[in-house]
Amino acid sequence: MIREPRSVFVGRQRELALLQGLLDVAQLVTLTGVGGAGKTRLSLRAANLYIETTGIDGWFVSLESVHDAQRLPRAVVRAMGLADQSARDPLDVVIEALRDRPAVLVIDNCEHIIDAAAAFIDELLVALPDLTVLATSRRPLELDGERVFAVPPLSAEPVIGLVSDVLPDAVSLLVARARAADADFELGPQDAEAAAELCRALDGLPLAIELAATRLRTLSITDLTSRLSSRFTLLRGGSRTAVSRQRTLRAVVDWSYELCTPAQRELWCALSVFAGPFDLAAASAVADGADVLDALDELVAQSVVEADPETGRFRMLETIRRYGRDRAEEDGRWPGLTRRHLDHYATVAAESCENWYGPGQAETIARLRADRAEVQAALTTASAVDTDQALDLFTSLRYLFAVGGFIPEGRAWAGRLLALPGASPIHRVPALVNAAWLALLQGDLTEAARRLDEAEEQASDGALTTERLAAIRVEVHRWRGTLANFSGRPADAVGEFEVSIRVAQECGHPEEALLAQFQLTAALSHLTQPGASRFASEALAYSEAVGDNWMRAHAQWALALAAFVENDLDAADRLARQGLVDERGFDDPVGECLMLEVVSWVEAERGAAERAATLLGATDARWRSIGSSIWAFGPHLGGHHDRCVDTLRRLLAEKGYERFFARGGDLGPVEAVALALEEKTGGTAGLSAREHEVAMRIHRGMSNRDIADELVLSVRTVDTHVQRILGKLGFTSRTQIAAWYEATLPAPQPLAGQPIT
């Protein structure tokens, strides 16, 4: 057996199982990962488990102190204890000692002499077919037959299905090392989440967690977490038996930095400006337009940057990012990096507005959501250095806030940025109008009116161009119409919407009339005016012509409302459900909630009480997530909602209504939409399409793991689906699910031509 450190080995059961499988089939397995990820400790434990299973011999070879490539073979000879004083090539000595003898070699820390290590290992494996090499390196060796195992951080999240007192691996390591440093250390139940938060802040890096544990002799977990902005001076000390570069967190990251070329180091510092995941275009922008592909590829290979092939985005661990920032600040580069970061995301946000109306909206919202951490950082930078640019950026992010579901966040930024002094009207007025829209979406009519009044006052001082003034008039009249409608004055709203539509069309921007057109139909429906559908129909036709699904969905909602008011339940149901289909990919909480409301009202009128109550519960949960409600959109819609609730309470009785309403509150947004789109077969019980697939396989007698394998899901995801099925059906066992499915075999079908996803 290979000697391991005396400290207790914690966690990593999944990784060890995977490594045993790799060692059974591959001659060369390379553990990669950032410094401090625990590669060495994991390799030792994996090798010993393999040795114990196979009965073969094994040795550990550390290359940490080997800086001359020519000394590498001799280091292996010494580590194996081969007393050879001859002039023979050390490679030949190793080959002769291991010939016809199955063995495992752990070769640790290959990264700083990667070429020599790869060449030596390749020669060994060619000459010794019974040899297994387990290497550790911050980058792959890139040899034929190599199996690369990226060592993940330790998880700080609880494992679903385990008893509550089983701690996540990261927290278990923190506790074990804290007790080693102080035998009296205890983690109270109230400290578990704080400990998990500390481990998450340390990126789950074992070295960082071990160093942090020694500080718990004098600091509380909360105090230690609050001091992590100075992690490189705080986390030092470690075991005296550790190599020098692992005695402090700074030293272990220094080691990685020194292995980089100057171009890679410069890019490392530049990338540290990102608060979250970023794409290649953003990386190039902060690097001042340089061709970063090769340097970025090398940083990924060296485990400094993590790449996600599915999204095409990159990220850095906070520890690595913080190191790069410290270096950039030391060299005076930080202000320039933050300015380029701000300029890039200001451009991204501006383009999202300029190109909003058309077929690429879902992709635009998805990108803005993916860049949310970055635009937050850009807003913070702009608020400190350029008030006008901060207001422009806020205005450009209107669709992220209003459509993307971040209304409370947008309003918080509005309050912060509009309070800044020194803004010019040309930048402040559009921001005021945008702030009014967000206030309306949460039903804050007083705030919306105040913002619109100020916008009109400042727009009249002559600072805005004629074209810009016309654009502001379109928006101000539109949102004044919305304000009137939400205030219960639809007759006043009609006039404002008509002016907004006319000005938009006169200035050559018919797309800007769409938001007023569908709302004009809603206002006329509140007034029960004949021909109310005309304006939403025009918006629908224009949206279809330009491929705009977001406005198409909202136009169909207005048409569904008009149909509902006219008691055409079939049309209302069809239009609202088609609106939900058109909104797929947006995850627009306001739009989805409005459509789900109409579907619920129709279901209640038809007597499908259980389904309607479940949908209302799901909708209520979504409204609350954005700090709004159906009543924020005016007393007429609120009245339809309340009449629906009264009907359901009568049909289901109070307890029945509350039960199904609560069941709906447990649905996620995707599940709620799937339920609304299901055909009414009578046996769905509110299950989503995916839950039906799981229920079917439970009926077939499959285990959760078998279901996960067949549906290409994680076991944890299947566990969650099973728990939701039990909750929705009111069952306590899988046997009951199987029996229920037997009795309701017809599976739900999607709308014609629209697969349920």
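Student: In which sense do strand β3 (residues 103–108) and β4 pair, and over how many bridges?

Tutor: β3 and β4 pair in the parallel sense over five bridges. Two strands count as paired if DSSP finds at least two bridges between them, and Leu105 stands opposite Val133 in β4. Before we go on: this is a predicted model, where local features need pLDDT of at least 70, side-chain atom pairs count only at pLDDT 80 or more, and totals for chains, interfaces and linings use all residues. Residues are numbered from 1 along each chain as its sequence is written, and side-chain values use heavy atoms, with hydrogens and water left out.

Student: What makes a run of residues a strand or a helix here?

Tutor: Both are DSSP runs, numbered from the N terminus: helices are H or I with at least four residues, and strands are E with at least two. The chain has 37 helices and seven strands.

Student: How do you know that β1 (residues 28–32) pairs with β4?

Tutor: Four bridges join the two strands, which run parallel. One partner to look for in β4 is Leu134, the bridge partner of Val29.

Student: Which strands form the open sheet, and which are called its edge strands?

Tutor: The order is β2-β3-β4-β1-β5, with parallel pairing. The edge strands are β2 (57–62) and β5 (146–150), as each pairs on one side only. From one strand to the next, the twist averages 15°. On the β2 side, six bridges link β2 and β3 in the parallel sense, and Trp59 stands opposite Leu105 in β3.

Student: Why is β4 (residues 131–136) described as largely enclosed?

Tutor: Six of its six residues are buried, so β4 is largely enclosed by the rest of the structure. Buried means under 20% relative accessible area, exposed over 50%, and partly exposed in between, with a 1.4 Å probe and protein chains only. Leu131, Val133 and Ala135 point one way, Thr132, Leu134 and Thr136 the other way, and all are buried. For the chain, buried residues make up 55% of the 757 residues.

Student: Moving to helices, why are α28 (residues 549–565) and α29 (residues 569–582) called roughly antiparallel?

Tutor: They pack at an angle of about 165°, with their axes 8 Å apart. Axes are lines fitted to C-alpha atoms, for helices over the stretch in contact, and angles run from 0 to 180 degrees between N-to-C directions. Angles under 35 degrees count as roughly parallel, over 145 as roughly antiparallel, 65 to 115 as roughly perpendicular and the rest as oblique. α28 and α29 are therefore roughly antiparallel.

Student: What makes α28 and helix α30 (residues 589–606) roughly parallel or antiparallel?

Tutor: Their axes come within 10 Å and cross at roughly 25°. That makes α28 roughly parallel to α30. The contact includes Trp557 and Phe564 of α28 and Trp601 of α30. By class it has ten nonpolar, two polar and one charged residues. Ala, Val, Leu, Ile, Met, Phe, Trp, Tyr, Cys and Pro count as nonpolar, Asp, Glu, Lys and Arg as charged, and the others, Gly among them, as polar.

Methods: Contact = heavy atoms within 4.5 Å.
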